[in-house]
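Here is a short briefing to read alongside the model. Please have the structure open as you go through the points.

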Amino acid sequence: MCGIIGIIGQDNVAPQMVDALKRLEYRGYDSAGVATIDHGRMDRRRAEGKLVNLERKLAAEPLAGSIGIGHTRWATHGAPTENNAHPHFTGGVAVVHNGIIENFGPLRAGLQKRGATFNTQTDTEVVAHLIASLLEEGLAPEAAMQAALKQLSGAYALAVMIEGRSDMLMAARHGPPLAIGHGDGAMYLGSDAVALAPFTDRITYLEDGDWAIVTGSGVVIHDRDGAIVQRDEMRSSTTATVVDRGNHRHFMEKEIYEQPEVIGRTLSHFVDFAEARIRPLDAAIDFAEVNRLALSACGTAFYAGSIGKYWFERYARLPVEIDIASEFRYREMPLSKKDAAIFISQSGETADTLASLRYCKENGLPIGAVVNVSESTIARESDVIYPTLAGLEVGVASTKAFTCQLSVLAALAVGAGRARGTIDADEEARLCQALAEVPRHVTQALHDLQPQIERLSHELSRYKHVLYLGRGTSFPLAMEGALKLKEISYIHAEGYAAGELKHGPIALIDETMPVIVIAPYDSVFEKTVSNMQEVAARGGRIILITDAEGAVAAGMETLATIVVPKVPEIAAPIVYTAPIQLLAYHTAVFMGTDVDQPRNLAKSVTVE
Ligand code: F6R
């Protein structure tokens, strides 16, 4: 969360910084700001809300200067006002920050005792004051930076600019990512290679604890002890092309409709469709030898992992522990050398998922990553990458990344089953054929269901609360359906295991709370129908998502029945995702919310 940019160039850098911030807006859009040094004087423009507000300000009052830092904010400490927007200035020091300075309270109290006046409610402002006070004591900028970093605890990616020093920027990384870009006659720093892609593809990633002095001609990197270190320069494959929405109203809609293609692309990375078998898996995790698999992720990726658990246990008879990463990192799960761990993350930068990965690494487990961003920190720190080939996902609510995560996990579970001898070649072929059909079924579901779901969304938008129910793999999918609906339409929604309903949530049921039931006609269908009867008996209104056989077999009155193509069990969670995404999308559009950038959210969650 929060995006950082810094440039030392030859021309005015403010327009370039805005360009980079546009590419970083997925990391937060509460406020934005840029600062430059022009003729030795530091100045800034900041604006509350989306970047477009900052652009307007800059158009009215341009900023000159060939060195600058910029920021797009996801508020942690302090309201998303212009006054709390970065860059923060004090005593000739400008700072932009991604992360949380956890000891900002005691630091601020100490600085205030020594006469510092704080102007914002942010944690970041202490960094500017700290460096300024050290400069005042007579330290050189490099020494002040190093001394200040020693006093900070928490997570940070920082860029610092000093008035009167238009020849250098300082940067530091402890947690959130920070990349240095090597240009021709210009140097850059940014939260990721995507931000720097229009300027350069020559990237050096700072490692945890590193801090750096960036000048127009290069970078000197120090490790946490101050020793000068060499970090590899690599060629980033990130494209500078700005993706557009095409003919779609929102990125989310575009990304929903891209799914057949990207699911197909992802599946064919793992499945040899001609031979109907799983391609050989990387030996870094030898599923035949693993006793237990730990899966860990956040949000939508956690729900993908929760579905993956059913598959690994069913097809590979491999016990799986699935955890929300923010819990896993602190619950001190006992781990053994016969365990393996897989982390699931679209961005590859989620702070809690990364911390969980590091915990498993310290315990000697082989680490796999199901990631969409191949140059992300999680990808770089894993022993094996199982890529989702969803392409850039812009909509803050994850759609195509989720179905690609499911595709990878399904293929891995089948591969693990073969490796462990729990399924034979015929069963593998049958499952691979089922997966081969998924893109076609998703296409059909999206096409056939859209008109009905769009109409239904008008009805759904009248309610304040919605319940999603499902059994088996449809249970995590129910939670994903509820998450999608609440995060973009702001309708309160919860997902429950259908059998759990009578243990409490049934008290909520009346005609004002529709219940969306995900129930393919499978081995647990009849059980789910019993739960639907319990809802109907209490005046609850049901929206049933099922297939043609299920629609007939349910034999009960519903508010609506959404009929999905009939698919084999392994394919169902992927195909049934289409209606739940469309339902959330059309409801949000009808209600007029900001579908691609819902309030309070960010695409990359780099703080815990
Ligand atoms: C919801 C959503 C989030 C993310 C979560 C993890 O639509 O997108 O719940 O799934 O923040 O992010 P990644 O996958 O980047 O680790």
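Welcome to a predicted model. Let's begin in a loop: Pro87 is found between strand S4 (67–73) and strand S5 (88–90).

**Backbone features in loops**

- The peptide bond that joins His86 and Pro87 is cis, with omega at about 0 degrees.
- Ala276 has a positive phi, near 50 degrees, in a residue other than glycine.
- The loop that holds Ala276 runs between strand S16 (271–272) and strand S17 (277–278).

**Backbone contacts to the ligand**

- For Ser398, a backbone N or O atom lies 2.9 Å from an oxygen atom of the ligand.
- Thr300 also has a backbone N or O atom facing a ligand oxygen atom, here at 3.1 Å.
- At Val396, the distance from a backbone N or O atom to an oxygen atom of the ligand is 3.4 Å.
- Of the 400 Å² of accessible area that the ligand has on its own, the protein covers 89%.

**The pocket and its shell**

- The ligand takes up the space of the second largest pocket.
- Helix H9 (299–315) and helix H16 (474–489) are the elements that give two or more residues to the shell around the ligand.
- How many residues surround the ligand, and which are the closest? There are 15, and the closest are Ser345, Gln346, Ser347, Thr350 and Glu487.
- By residue type, the shell around the ligand divides into six nonpolar, seven polar and two charged residues.

Notes
Residues are numbered from 1 along each chain as its sequence is written. This is a predicted model: local features need pLDDT of at least 70, side-chain atom pairs count only at pLDDT 80 or more; totals for chains, interfaces and linings use all residues. Side-chain values use heavy atoms; hydrogens and water are left out. A residue is near a molecule or strand if one of its heavy atoms lies within 4 Å of it. A polar contact is a pair of N or O atoms within 3.5 Å; within protein, one must be able to donate a hydrogen and the other to accept it, and residues adjacent in sequence count only if both atoms are side-chain atoms. Accessible areas come from the Shrake-Rupley method with a 1.4 Å probe; for residues, only the protein chains shown count as cover. On a 1 Å grid over the protein atoms alone, a cavity is a set of points where a 1.4 Å probe fits but cannot get out, and a pocket is an open set with protein on both sides within 12 Å along at least five of seven lines; lining residues have an atom within 4 Å of a point. A molecule sits in a cavity or pocket if more than half of its atoms lie within 2 Å of its grid points. Helices (H or I, at least four residues) and strands (E, at least two) are DSSP runs, numbered from the N terminus. Ala, Val, Leu, Ile, Met, Phe, Trp, Tyr, Cys and Pro count as nonpolar, Asp, Glu, Lys and Arg as charged, and the others, Gly among them, as polar.
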